[in-house]
Amino acid sequence: MTETASVPQPLSALALVCSLKASPAPSSSDLMARQILDELGKHGVTGDVLRVVDHDVLPGVEIDLGEGDAWPAIRERMMAADILVVSTPTWVGHMSSVAQRVLERLDGELSETDDSGRPLVAGKVAVTAVVGNEDGAHKIIADLFQGLNDIGFTIPSQGGTYWNDQAMGGTDYMDLDETPEAVASTTATLAENAAHLARALKASPYPGS
């Protein structure tokens with residue numbers, strides 16, 4: 001009897017690109033987000049990219065701030081996805097103001113729970129990407145991990161990828177002739193682990209209270 005390899009359960013991802021540049025301006029954060037989605041695609045994950053600054057996301061910590069607020073539509077796409085990718089540039093050593101706003105709007109999820117008391121985003125996986133020609137990537141990843149996990153997302157092993165230019169450099173990630181091997185391998189590991197974790201959480205959800 002010949003055994004047939006099981007087909008991986010299909011998954012979806014949404015990448016929120018937190019560049020300060022509106023489309024169609026070239027963006028290193030957009031490039032790295034797309035590289036993550038390409039790697040996720042190797043593990044049966046389909047994905048979309050959304051550049052947050054193209055939408056009028058109002059300041060606040062609620063899921064819907066009423067007329068003119070673009071966040072509810074973004075949130076709907078996020079809730080339909082299994083994996084959230086947050087990609088941000090580094091500015092003066094910190095995540096972009098757009099990424100900070102995304103975290104602030106995600107804070108509204110703390111009051112959104114299912115019948116078992118779990119956050120609605122519980123069971124979703126979140127990963128991060130940081131680019132910049134200055135230092136700060138590790139601190140930004142740490143801040144994103146803490147915020148996303150506190151809100152209810154699960155972070156996979158080695159769930160952050162990044163690229164920094166040399167000290168006091170001025171090169172952009174998108175201007176490199178090729179992706180550095182260390183970045184490529186880290187991104188590949190991130191994607192493999194994220195897909196694995198998302199499938200595990202689908203198969204065995206967190207217990208409710």
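This is a predicted model: local features need pLDDT of at least 70, side-chain atom pairs count only at pLDDT 80 or more; totals for chains, interfaces and linings use all residues.
1. Strand β3 (residues 83-91) pairs with β5 in the parallel sense, over 7 bridges; two strands count as paired if DSSP finds at least two bridges between them. Helices (H or I, at least four residues) and strands (E, at least two) are DSSP runs numbered from the N terminus. Numbering runs from 1 along each chain as its sequence is written, and side-chain values use heavy atoms, with hydrogens and water left out.

2. β5 also has a partner in strand β6 (residues 160-164): the two run parallel and are joined by 5 bridges. V130 stands opposite Y162 in β6. To get from β5 to β6 the chain passes through helix α4 (residues 137-151), and this β-α-β crossover is right-handed, meaning that the path from the first strand over the helix to the second runs clockwise when the strands point away from the viewer.

3. How covered is β5 (residues 125-132)? Mostly: 8 of its 8 residues are buried. Here buried means under 20% relative accessible area, exposed over 50%, and partly exposed in between (1.4 Å probe, protein chains only). Both faces of the strand are covered, with V125, V127, A129 and V131 on one side and A126, T128, V130 and G132 on the other.

4. On packing, the largest nonpolar core has 28 residues, and L16, V52, L84, L106, L148 and F153 touch the most other members. β1, α2 (71-79), β3, α3, β5 and α4 each supply at least two residues of this core, and α4 gives the most, with 6 residues. A second, separate core of 26 residues includes I83, V125, L190 and L197. A core here is a set of buried Ala, Val, Leu, Ile, Met, Phe, Trp, Tyr and Cys residues joined through side-chain atoms within 4.5 Å.

5. Leaving aside neighbours within four places in sequence, L148 is in contact (heavy atoms within 4.5 Å) with L84, V86, L103, L106, A126, T128, F153 and I155.

6. Which residues of α3 are buried? They are V98, A99, V102, L103, R105 and L106. Seen down the axis of α3, the buried residues fall within an arc of 165 degrees, so they line one face of the helix; the arc is that of the directions from the helix axis to the C-beta atoms. An α-helix has 3.6 residues a turn, so residues three or four places apart point the same way. The cover over the buried residues of α3 includes β1, α2, β3, β4 and α4.

7. S96 counts as buried because its relative accessibility is 1%. A polar atom of the S96 side chain lies 3.1 Å from the backbone nitrogen of A99. Not counting residues up to four places away in sequence, S96 touches C18, L20, T88, P89 and W91.

8. R51 is an arginine to look at: its place is in strand β2 (residues 45-51), and it counts as buried at 8% relative accessibility. The R51 side chain reaches the backbone oxygen of A25 at 2.8 Å and makes a polar contact with the side chain of S23 (3.4 Å). A polar contact is a pair of N or O atoms within 3.5 Å; within protein, one must be able to donate a hydrogen and the other to accept it, and residues adjacent in sequence count only if both atoms are side-chain atoms.

9. Next to S23 there is a backbone feature to check: the peptide bond from S23 to P24 is cis, with omega near 10 degrees. P24 lies in the loop between β1 and α1 (28-41).

10. Two positive phi values also deserve a glance. V92, in the loop between β3 and β4, has a phi of about 45 degrees although it is not a glycine, and V92 is exposed at 71% relative accessible area. Q158, in the loop between α4 and β6, has a positive phi of about 55 degrees and is not a glycine either; Q158 counts as exposed at 54% relative accessibility.
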